[in-house]
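My entries follow in the order in which I made them.

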Amino acid sequence: MSILPATGSVFIAGTFTPGTAVGHTITGSTVVFNGAAAQALPSGFTTYNNLTLNNPTTVLGFAGLTVQGLLRVQAGTFTSRGTYNNVQIDGGATLAGTATTTRNVSGNWTNDGAFSANGNTVNFNGSSAQTVGGSTATTFNSLTMNNAAGLNLNVGATVNGVLTLTIGEISTGANTLTMGTAGSVSRTSGHVVGTLQKNFSGPGPVFTMPVGTAGAYSPLNVTVTAGSGQLTARPNTGVPVVLSINSARTLQRYWTLSGSGITSNITFNYLDGDVPGPPNDENIWNIIRVTGSIAVRYPPTLSYVTMNPAGNQFTINGLSSYSDWTAGEPLAPTAANATVSGQVRDLDGRGIGGARVSVQNPAGEIKTAFTNPFGYYSFSDVAVGQTYLVSVEHKRYTFDARTISVSDDVTGIDFTPQSGLRSDASDRSPRAGHSTP
């Protein structure tokens, strides 16, 4: 029987031949492979306390390797698969996986160097909370979450293959877990707490983003209908600040979305506990979009909005710009009206006559007026207590639309063009809540 020392390090610069004895005993030692030429771990010695690979070329491992303490790749490239406790990849070093195999990690993962996934799976299966850290964001092929105590990302990470959620939560903190265009999810239990980004190569079937808050799974069902790009989602508890005055009639959960390049249909899933009690009436809810201090409500009478109180879901279709989203009761109706007015000017500050100005309410109803020869317009019958999209059309200029909240008369809603003379006279008026709500 071969017995390693209880402490200290054993340095192996050549070939390690453990002999024919069985039942090798390890204690608190560290075995360091530090040769100058390529080395290989002997398959006859399967279990180490601490294992350090400090060979500037390569060290080759084998299936069935077990490291009970720390696996440290200090220099060169180490190619292996097995069961490890803590993994540390130093700067300039590489840990390489073997295709179609699984590397089990029961401790923490620290990457200051490089990890070559090579088609393999890293299975986080500890019994206490684990972390992924280091100065380098790790790109995994496939990642399995199999720890009820959770996994914390102290740095961003990417999964290009399968994200398997067996049990436990992946907490991203201030970081982001990114899934590649070919990334998929297999879920039994658990979810991502924090920020998840999914990259899309084009239109495709529904993709369920497995996100939620601590102890509360509230995923998004995303169907990309056009374009290629990415969508980032982060669920939050409570209500956005602008809705706090109506909190008793608003879902106690909202999703912060960002993205670009894609148009998608998105279904938001919430929990029974997110719905405030009476006098709230979930059956008359609207979808609510919050951008900064502006809240716009989209009722289910719109063709691209679906409310499903029985299923704890709401859906908005044709979404191509992103912000915060939630749901709640519509604002109390009011008979009061206000005036909205302003001027449309060219780049030199001169009024533009004959420009068409439109005011659209959350129900999609549109009022239209034309500017006078000096560029002024006015609407005198705008209901207060709502948010409106104001847009301008002119055959020679392009204008950015503006969102305004009306609680009293509003003046000075002025417009200047994005640029100078347009090359065509096509209608480019924006429409809120339809193809780009």
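Entry 1. I looked up Gln 386 and found that its bridge partner in β37 is Val 406. The model is predicted, so I note that local features need pLDDT of at least 70, side-chain atom pairs count only at pLDDT 80 or more, and totals for chains, interfaces and linings use all residues. Residues are numbered from 1 along each chain as its sequence is written, and side-chain values use heavy atoms, with hydrogens and water left out.

Entry 2. I traced β36 (residues 386-393) and recorded 5 bridges in its antiparallel pairing with β37. Strands are DSSP runs of E, at least two residues, numbered from the N terminus; two of them pair if DSSP finds at least two bridges between them. Both belong to an open sheet of 4 strands, ordered β34-β33-β36-β37 with antiparallel pairing. I noted β34 (366-370) and β37 (402-406) as the edge strands, each pairing on one side only.

Entry 3. I then turned to the salt bridges (a side-chain nitrogen of Lys or Arg within 4 Å of a carboxyl oxygen of Asp or Glu). The structure holds 8 of them. One joins Arg 356 to Glu 393, with the closest N and O atoms 3.8 Å apart. Arg 356 lies in β33 (residues 356-360) and Glu 393 in β36, so the pair ties together parts 37 residues apart in sequence. Glu 393 is buried at 17% relative accessible area, whereas Arg 356 is partly exposed at 34%. Buried means under 20%, exposed over 50% and partly exposed in between, with a 1.4 Å probe and protein chains only.
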